[in-house]
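Dear colleague,

Please find the structure below, together with its sequence.

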Amino acid sequence: MERLTGGISGKGNTPNWLLRPEPKGFRPKRRCRAVWISDIHLGTKGCKAEMLVDFLQSIEPETLYLVGDIVDGWSLRKGWYWPDAHNEVVRRILKMAHRNTRVIFVVGNHDEVLRDYAGLSFGGVSLALEAEHITADGRRLLITHGDSFDGVVLYARWLAFLGDKAYSLLLRANIVVNAVRRRFNLPYWSLSAYLKRKVKNAVQFVCNFEEALVHEARSRGFDGVVCGHIHCAEIRMIDGITYYNDGDWVESCTALLEDAAGQISIIEWGREPDPLIVPAQMEQAA
């Protein structure tokens with residue numbers, strides 16, 4: 001169950017590709033109550049679009065939350081990059097919306113141009129500034145991209161763009177590193193994610209970011225908060241409030257998934273032989 005800031009829906013002509021039957025896969029789709037993904041950054045070379053399409057084809061959620069930075073407007077303003085794989089991500093999401101999955105797009109800072117359209121629905125995808133989700137076990141979760149709690153983006157926009165440039169260089173290094181690893185039949189590994197976790201200042205920033213979001217959730221009477229933005233997948237209890245971060249699809253290729261009982265786990269797609277069978281991290285039952 002979810003609550004948005006408002007909504008207006010409309011239907012137009014349905015394209016033929018939405019009506020085509022799904023090809024039969026070698027594995028059954030995993031049914032679940034909700035899935036959260038964010039920080040796909042369509043329009044950048046770092047986006048792992050093929051892996052995301054593979055993941056989306058493997059699930060059948062009642063609700064899919066797109067928690068911001070789905071399209072990277074910052075990057076597209078500097079130069080157009082949009083391969084076919086990025087179109088496939090959009091098609092897959094629209095197909096899910098057409099086939100009775102509720103799709104809620106909570107806008108982030110890289111796709112901030114869409115914030116003016118919050119409350120509208122396009123192709124079955126509802127745009128919102130934030131949302132509320134109620135889990136199967138009755139907990140209320142605030143859903144927000146998280147950039148409003150990032151002091152760098154909020155108070156020093158020029159510094160955010162500078163960091164974005166350095167980050168893009170790291171993502172290009174990821175491509176080279178993983179091309180070499182594939183030659184040795186090694187699994188995907190993120191250099192940029194590894195460096196972020198090792199740098200003391202980055203670790204402190206993550207802690208401050210988490211605490212700010214938890215404070216906001218508590219002040220508004222929520223039991224937990226779901227966000228993205230910092231590309232660090234996490235499930236952590238902080239002073240009685242559960243903090244969830246669904247990670248990203250440029251480094252770790254992670255998502256959050258809620259099962260029928262209301263338990264939420266982190267999925268690390270591509271890391272395990274069958275990532276849906278062995279979740280990387282799951283919240284502890286109370």
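The model is predicted, so local features need pLDDT of at least 70 and side-chain atom pairs count only at pLDDT 80 or more, while totals for chains, interfaces and linings use all residues. Residues are numbered from 1 along each chain as its sequence is written, and side-chain values use heavy atoms, with hydrogens and water left out.

Helix α4 covers residues 84-98, which is 15 residues. From first C-alpha to last it reaches 21 Å, close to the 21 Å expected at 1.5 Å a residue; the expected span is 1.5 Å times one less than the number of residues. Its buried residues are Ala85, His86, Val89, Arg92, Ile93, Lys95, Met96 and Ala97. Here buried means under 20% relative accessible area, exposed means over 50%, and partly exposed lies in between (1.4 Å probe, protein chains only). After α4 comes Asn100, which has a positive phi, near 75°.

Side chains of opposite charge can pair when their charged atoms come close. A salt bridge is a side-chain nitrogen of Lys or Arg within 4 Å of a carboxyl oxygen of Asp or Glu, and the whole structure holds 9 of them.

- Glu60 and Arg31 pair at 3.4 Å, N to O. The two are 29 residues apart and link distant parts of the chain, with Glu60 in strand β3 (residues 59-66) and Arg31 in strand β2 (residues 30-37). Glu60 is partly exposed at 37%, whereas Arg31 is exposed at 68%.
- Asp137 and Arg139 pair at 3.2 Å, N to O. Asp137 is partly exposed at 39%, but Arg139 is buried at 17%.
- Arg220 and Glu216 pair at 3.2 Å, N to O. Through shared partners, salt bridges join Glu130, Glu216 and Arg220 into one network.

Which residues have the most contacts inside the largest nonpolar core? In this core of 31 residues, they are Val35, Ile37, Phe55 and Trp249. Such a core is a set of buried Ala, Val, Leu, Ile, Met, Phe, Trp, Tyr and Cys residues joined through side-chain atoms within 4.5 Å. Elements that each supply at least two of its residues include β2, α2 (49-57), β3 and α4. Another core, of 16 residues, lies apart from it and includes Val67, Val106, Ala131 and Ile143.

Yours sincerely

Note on methods: Helix = DSSP H or I, 4+ residues; strand = E, 2+ residues; numbered from the N terminus.
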